[in-house]
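Have the sequence and the 3D view open side by side. We'll go through a helix, a core and some charged pairs.

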Amino acid sequence: MLSSSSSAHADLTTARLVLRPWDAADVAAVLGDTGSVHWADDFPADGDRVIAGLFDQHPAWLGEYGHRLIVERDSGLVVGSVGLFWPPGDGTVEIGYGIVPSRRGRGYAPEATRALAEFALAAPDVDTVVATVELSNPASVRVLEKAGFHRYATEETLARFRMSRPDHRQQ
């Protein structure tokens, strides 16, 4: 179940998670390695540092359809991030995700990925959300399958997945 409030950069809420947009303070804290009492002990992961660095270089990317921090509702702690690589090209946007090691295996990654993909598919310019994963990372493959994505291509070392609006025809 997905809900959000009406503000421009509203949080997305699932059964166990809140997906809230990054802000400038989050970026500064991650890049400054200052930590927060609102973070799981092992947040940020390497991928979160990469995303914060991109936001530092491109502050305009901090927006409604960008990356979001994954907050565990029970504890209130940030446990990862999920994001869209916006804007869409030809109706397609890519998604990426990561959960800190201490919270893996709880189903948070599929829950967050599905929620953000559904949010993206409700946008007027998006028909399809895609993701590419390395076949050497079976856990990431399972995340996408559990989130409702369908594999549409397999290459030598990569699998490509997508989720589309029900009214969209695949080519």
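## Asp48 and its helix

Asp48 sits in helix α2, residues 46-57 (helices are DSSP runs of H or I of at least four residues, strands are runs of E of at least two, and both are numbered from the N terminus). This is a predicted model, where local features need pLDDT of at least 70, side-chain atom pairs count only at pLDDT 80 or more, and totals for chains, interfaces and linings use all residues. Residues are numbered from 1 along each chain as its sequence is written, and side-chain values use heavy atoms, leaving out hydrogens and water.

Is Asp48 buried or exposed? Asp48 is buried (under 20% relative accessible area; exposed is over 50%, partly exposed in between, with a 1.4 Å probe and protein chains only). Still, Asp48 has no salt bridge (a side-chain nitrogen of Lys or Arg within 4 Å of a carboxyl oxygen of Asp or Glu). Its nearest side chain of opposite charge, Arg49, is 6.8 Å away (Lys and Arg count as positive, Asp and Glu as negative; His and the chain ends are not counted). Leaving aside residues up to four places away in sequence, Asp48 touches Trp22, Val30, Phe43, Gly80 and Ser81 (contact means heavy atoms within 4.5 Å).

## The nonpolar core

The largest nonpolar core has 49 residues (buried Ala, Val, Leu, Ile, Met, Phe, Trp, Tyr and Cys joined through side-chain atoms within 4.5 Å). Its largest share, nine residues, comes from helix α3, residues 108-121. Leu19 and Trp22 are among the residues with the most contacts inside this core. Leu19 touches residues including Ile70, Val82 and Leu116.

## Charged pairs

Arg16 and Glu111 form a salt bridge at 2.7 Å, N to O. Arg16 is in the loop between β2 (12-13) and β3 (17-21) while Glu111 is in α3, so this pair ties together parts 95 residues apart in sequence. Glu111 counts as buried because its relative accessibility is 17%, and Arg16, at 32%, counts as partly exposed.

Arg114 and Glu118 pair up too, at 3.2 Å, N to O. Both lie in α3, four residues apart, about one turn of the helix.

The chain's mean pLDDT is 90, and 92% of its residues reach 70 or more (pLDDT is the predictor's confidence in each residue, from 0 to 100). Residues 1-8 stay under 50.
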